Amino acid sequence: MYPTPSFRHSISKAAKLALSSLLVFSPMVGLAGCTQNVSSEVSSDEKAFDFSDSQALLMAIWEKENDEDKPMIIGGVGENVSESEPLALDLSAEDQLRAALVVPESLIKDSVDGASVMNGMMANSFTASAWQLKDGVDTSALLEKIEQGLLDNHWMCTFPDEYDLFLQDNFLVVSFGQTGQIEPFVKAVKEVMTNAVMVSGKFEE
């Protein structure tokens, strides 16, 4: 039995309606797909935290800070220093690093590498160091030891106002100094280490 002309006309009309509906909605489907992909990529980028070493991390933080907020600085400790940017540390010079950066020996021993930047005129006004920790380090105990060491330190000359510690993944940033110089740096750290655990405190003279 063959379809009648009126039946064929109904099929043709229905097919046209279905096709036109598909053409109307298909751009919306495509647009939704693109929007979802873009959102996913942005989310992934925002969560990215991948640095080759502690110097790369400290450089990223330093570049985030506004130039007008930065003091005259020295990068690194000892003979190999920079007057323009953070510099890597020689971890074999333990005594020198402990004295200059006010960090415990255990932090130096528990680190793969380190980097630092400080006020070139008065280190107590601003000093920051970054450390890439070895696997398996007890970070809770380490943070407590660093904090206690800062609080127990006998400061000479300029007295710092505050300290701030940041820990994310296996990277640790230790900073202390006067509020006016520390606050811009801390703001920059928060923009780079977006998921960091933060420990902060004030010094009492």
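The model is predicted; local features need pLDDT of at least 70, side-chain atom pairs count only at pLDDT 80 or more, and totals for chains, interfaces and linings use all residues. Residues are numbered from 1 along each chain as its sequence is written, and side-chain values use heavy atoms, with hydrogens and water left out. Helices (H or I, at least four residues) and strands (E, at least two) are DSSP runs, numbered from the N terminus.

**Confidence**

- Over residues 1–46, pLDDT stays under 50.
- For that stretch the model has 2 contacts beyond four places in sequence, where contact means heavy atoms within 4.5 Å.

**Nonpolar cores**

- A nonpolar core is a set of buried Ala, Val, Leu, Ile, Met, Phe, Trp, Tyr and Cys residues joined through side-chain atoms within 4.5 Å.
- Buried means under 20% relative accessible area, exposed over 50%, and partly exposed in between (1.4 Å probe, protein chains only).
- The largest nonpolar core has 25 residues, and Leu107, Trp131, Leu150 and Leu172 touch the most other members.
- Two or more residues each come from α3 (94–101), α4 (105–109), β4 (126–133), α5 (139–152), β5 (162–168) and β6 (171–177).
- Helix α5 gives the most to this core, with 4 residues.
- A second, separate core holds 22 residues, including Trp62, Ala128, Val189 and Met193.
- In soluble globular proteins, nonpolar side chains tend to be buried together.

**Aromatic pairs**

- The whole structure holds 9 aromatic pairs.
- Rings of Phe, Tyr and Trp (its six-membered ring) pair if their centres lie within 6.5 Å; planes under 30 degrees apart count as stacked, over 60 as edge-to-face and the rest as tilted.
- Trp155 and Phe203 pair edge-to-face, at 5.3 Å centre to centre and 75 degrees between the planes.
- Trp155 sits in the loop between α5 and β5, and Phe203 in the segment after β7 (197–202), so their pair ties together parts 48 residues apart in sequence.
- Trp155 is buried at 12% relative accessibility, and Phe203 is buried at 11%.
- Ring pairs join Trp155, Phe159, Tyr163, Phe176 and Phe203 into a cluster.

**Helix α6**

- Helix α6 (residues 179–192) has 14 residues.
- From first C-alpha to last, α6 reaches 20 Å, close to the 20 Å expected at 1.5 Å a residue; the expected span is 1.5 Å times one less than the number of residues.
- Its buried residues are Gln181, Ile182, Pro184, Phe185, Val186, Ala188, Val189 and Val192.
- Their cover includes α2 (54–64), β3 (111–119), β4, β5, β6 and β7.

**Ser111**

- Ser111 is found in strand β3 and is buried, with a relative accessible area of 5%.
- Its side chain reaches the backbone oxygen of Leu107 at 2.6 Å.
- Beyond four places in sequence, Ser111 touches Leu91, Trp131, Gln132, Leu133 and Lys134.

**Positive phi**

- Most residues other than glycine have a negative phi.
- Val102 has a positive phi of about 55 degrees; Val102 lies in the loop between α3 and α4 and is buried, at 10% relative accessible area.
- Cys157 has a positive phi near 60 degrees; Cys157 lies in the loop between α5 and β5 and is exposed, at 71% relative accessibility.

How values were computed. A polar contact is a pair of N or O atoms within 3.5 Å; within protein, one must be able to donate a hydrogen and the other to accept it, and residues adjacent in sequence count only if both atoms are side-chain atoms. pLDDT is the predictor's confidence in each residue, from 0 to 100.
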